[in-house]
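Subject: Structure for you to look at

Hello,

Here is the structure I promised, with my notes below it. Please open it first and keep it in view while you read.

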Amino acid sequence: MKLIIGNKNYSSWSLRAWLALKQSGLSFEELIVNIGGEEWASVRRESGEIMPSGKVPVLWDGETVIWDSFAILEYLADKVGRERFWPKDDTARGMALSMVAEMHSSYQALRSQCPMNVRKRFESVRITDEAKADIVRVLQLWAEARARFGKGGPFLFGTFGAADVFYAPVVSRFVTYGVAVPGFAQAYMEAVWEHEWMQAWIEGAEEERWVIEQYETAPRT
């Protein structure tokens, strides 16, 4: 298997696909492209079958090509067993699926105003009411998942799974922009941040020399 990803410091969707592959237990080769470099536009134009959507991440498994992080996670779940990613309990699984789908399609204000930047730390960041509403919604979902289904471990549904894979970049954003969170959320964020796979990704981000200037300044309101 080969996974094409973008800069580890900035590419939140790449992080999701990479964590999904780690969760699958399958071996894979990672290929990193600099999405902020001048060559990126030409790479996208010439990608063809390599990156069918012109975006990262993309998973190659023999003759099979899967793009979009949610599709990659679902493909892997079908391949290795869905219980590795999703709760066995119907009610818990329903909520986990809904949370992942909501993460995949929502929170546009938070995404645009607080892009992922693993290496950076901002202080006293002013964000819009729309982004604040996104943060409140995320915290509500985390609280419900932890209260109802999180007794088996430190993650959203107890053990590490698809929901944690998809909300890991949000954890990174909250760390980067100094978002104040209640104690239960802080404990959850620490569990994600200190996970060995997350630490490996962070180390890779810190070793990168690529810089995308537009993501290096504090958000403006």
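Which residues of α3 are buried? Before the reply, one caution: this is a predicted model.

**Helix α3**

The buried residues of α3 are S69, F70, I72, L73, L76 and A77. Looking down the helix axis, these residues fall within an arc of 160°, so they line one face of α3. The helix runs over residues 69-80, 12 residues in total. From first C-alpha to last it reaches 17 Å, close to the 16 Å expected at 1.5 Å a residue.

What do the buried residues of α3 pack against? Three strands are on the list: β1 (2-5), β3 (58-61) and β4 (64-67). The helices on it are α1 (12-24), α4 (90-105) and α7 (162-176).

**Helix α9**

α9 covers residues 196-207 and also has 12 residues. Its C-alpha span, first to last, is 17 Å, close to the expected 16 Å. Buried here are W197, M198, W201, I202, G204 and A205. They cover an arc of only 160° around the axis, which puts them on the same side of α9. The face turned away from that buried side carries E196, E206 and E207, which are exposed. The buried residues of α9 pack against β1, α1, α7 and α8 (183-193).

Take A205 from this helix. Its relative accessibility is 0%, so A205 counts as buried. Leaving out residues up to four places away in sequence, A205 touches K8, N9, V118 and R119. A205 and N117 are 88 residues apart along the chain, yet their C-alpha atoms are separated by 8.9 Å.

**K8**

Where does K8 sit, and is it buried or exposed? K8 is in the loop between β1 and α1. It is a buried lysine, with a relative accessible area of 7%. Its contacts, again without residues up to four places away in sequence, include W201, G204 and A205. W201, G204 and A205 are among the buried residues of α9. K8 also touches W18, E30, I32, M116, V118 and E208.

Y167 is in helix α7. This tyrosine is buried, at 0% relative accessible area. Beyond residues up to four places away in sequence, Y167 touches M99, M103, Y107, V138, L141, W142, L156 and Y188. Y167 and M99 lie 68 residues apart along the chain, with their C-alpha atoms separated by 9.0 Å.

M95 belongs to helix α4. It is buried too, with a relative accessible area of 11%. M95 touches L141, E144, A145, R148, F149 and F157, with residues up to four places away in sequence not counted.

**Backbone points to check**

- P57 is in the loop between α2 (40-46) and β3.
- Y107: phi is positive, about 60°, although the residue is not a glycine. Y107 lies in the loop between α4 and α5 (108-113). At 4% relative accessibility, Y107 counts as buried.
- S124 is in the loop between α5 and α6 (129-149). S124 is exposed, with a relative accessible area of 75%.

**The second largest pocket**

How much space lies in the second largest pocket? About 170 Å³. The pocket is lined by 13 residues. Nearest its centre are F85, W86, P87, F157 and T159. By class, the lining has seven nonpolar, two polar and four charged residues.

Best wishes

Conventions
Residues are numbered from 1 along each chain as its sequence is written. This is a predicted model: local features need pLDDT of at least 70, side-chain atom pairs count only at pLDDT 80 or more; totals for chains, interfaces and linings use all residues. Side-chain values use heavy atoms; hydrogens and water are left out. On a 1 Å grid over the protein atoms alone, a cavity is a set of points where a 1.4 Å probe fits but cannot get out, and a pocket is an open set with protein on both sides within 12 Å along at least five of seven lines; lining residues have an atom within 4 Å of a point. Grid points are joined across faces, edges and corners, and a volume is the space filled by probe spheres set on the points. Ala, Val, Leu, Ile, Met, Phe, Trp, Tyr, Cys and Pro count as nonpolar, Asp, Glu, Lys and Arg as charged, and the others, Gly among them, as polar. Helices (H or I, at least four residues) and strands (E, at least two) are DSSP runs, numbered from the N terminus. The expected span of a helix is 1.5 Å times one less than its number of residues. Buried means under 20% relative accessible area, exposed over 50%, partly exposed in between (1.4 Å probe, protein chains only). The arc is that of the directions from the helix axis to the C-beta atoms. Contact means heavy atoms within 4.5 Å.
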